[in-house]
Amino acid sequence: GDFTHPVWFEEIKKLEDRGKGVYYYDYKGDKFPFIITGEVSLIYTQGRGRRIHLVILVPSIEIAEKINFYLDTKGRRDYDGRPIFNISGEEFVRDMRKISKDIGVIPAHCMTPWFGVFGSMSGFDSLKDCFGIESEKIYAVESGMSADPDMLRNFSFLNNKSIVSFSDSHSFWPFRLGREATIFKKTDSYKELIRQIREKDFIATIETDPAYGKYHFDGHRLCNFSCSPEKTKELKGICPVCSKSLTIGVDYRVGELKNQEPDKNPVRKKFYKLLPLQEVISLVVGKAMISKKVWDIYNNLIEKFNTEFNILLNVSKEELI
């Protein structure tokens, strides 16, 4: 992650390279595989002010260096893990394809109001509106924590696109990793992984319940107010606390863009709705996620059952007791 940041990129270059675009970190003899990824924020004017976040999947360190050289001609990338550039979505995708056709560009958390490609505050009404002719080279969108595949299948313009999910983790808290994920068929090759995305050939995704996402409903965070689309319409879009226009959330926006029934979408990948294990434990014991009690329970479960996903997906209630 965050390969655009110069300091972090130096760490990435220390990973073991086996020549297939998957890099390995050695921890006490165990080899953990990584691909090179990053995220950029594009803020520009197209009809009105636009803000979109894009995930970048990169086939090699050499290609990552070329991307970084390109970004250096557009602005700074040394101040944040997700740097900001005044580039349109269409221009960015076109320029990435000039560097390498194996680069994957995926609209991140595509429905969130401020930085989702379909967001209510600064987004677009379709992929073509944002990316123009380059929309054909957008093979996937990311659902994000406030949406899930069932919601996105309401849009006919996503009928031939993959709906993937990853963790948007820009903090040091380990429990932010893996909250959402895409389950691929086993591979040690970047090219095979990107093929699975482009050909909709991966297995499934792991999603949080959309209501868990902070942008699912409409509202104002500072006013500590949120409400359903129905209530927003009743309020005529005005916050009852501060009397300003409400931020329109994902659920409302899905209703605005819906142009088909979800079962009309021909791509119906399986997905699992999960809450992260650390948060489940926190809710049960009534303690903060960073508390010693929660960590002790979490670590004991991991020691016994190996992985968080194994516990959430496979281990029975009887085994846990």
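Me: What counts as a salt bridge here?

Reply: A side-chain nitrogen of Lys or Arg has to sit within 4 Å of a carboxyl oxygen of Asp or Glu. Keep in mind that this is a predicted model. Take R253, which pairs with E256 with their closest N and O atoms 3.2 Å apart.

Me: Where do R253 and E256 lie?

Reply: You'll find both in helix α8, three residues apart, or about one turn of the helix.

Me: And is R253 buried or exposed?

Reply: Anything under 20% relative accessible area is called buried. R253 comes in at 7%, so R253 is buried, while E256, at 46%, is partly exposed.

Me: How many salt bridges does the rule give?

Reply: The count is 25. Some join up: K185, E192, R195, E199 and D201 are linked in a network.

Me: Which parts does the bridge between R176 and E279 tie together?

Reply: Start with the contact itself, where the closest N and O atoms are 3.7 Å apart. R176 is in the loop between β9 (162–164) and β10 (181–183), and E279 is in helix α9 (residues 277–285), so the bridge connects parts 103 residues apart in sequence. R176 is partly exposed at 24% relative accessibility, whereas E279 is buried at 11%.

Me: What about R268 and D150, where do they sit?

Reply: That salt bridge has its closest N and O atoms 4.0 Å apart. It links distant parts of the chain: R268 is in the loop between α8 (250–257) and β14 (270–273), D150 is in helix α5 (residues 149–152), and 118 residues separate them. R268 is partly exposed, at 48%, and D150 is partly exposed too, at 35%.

How values were computed
Residues numbered from 1 in each chain as written. Predicted model: local features only at pLDDT ≥ 70, side-chain atom pairs only at ≥ 80, totals over all residues. Heavy atoms only, no water. Helix = DSSP H or I, 4+ residues; strand = E, 2+ residues; numbered from the N terminus. Buried < 20%, exposed > 50% of the residue type's maximum accessible area, 1.4 Å probe, protein only.
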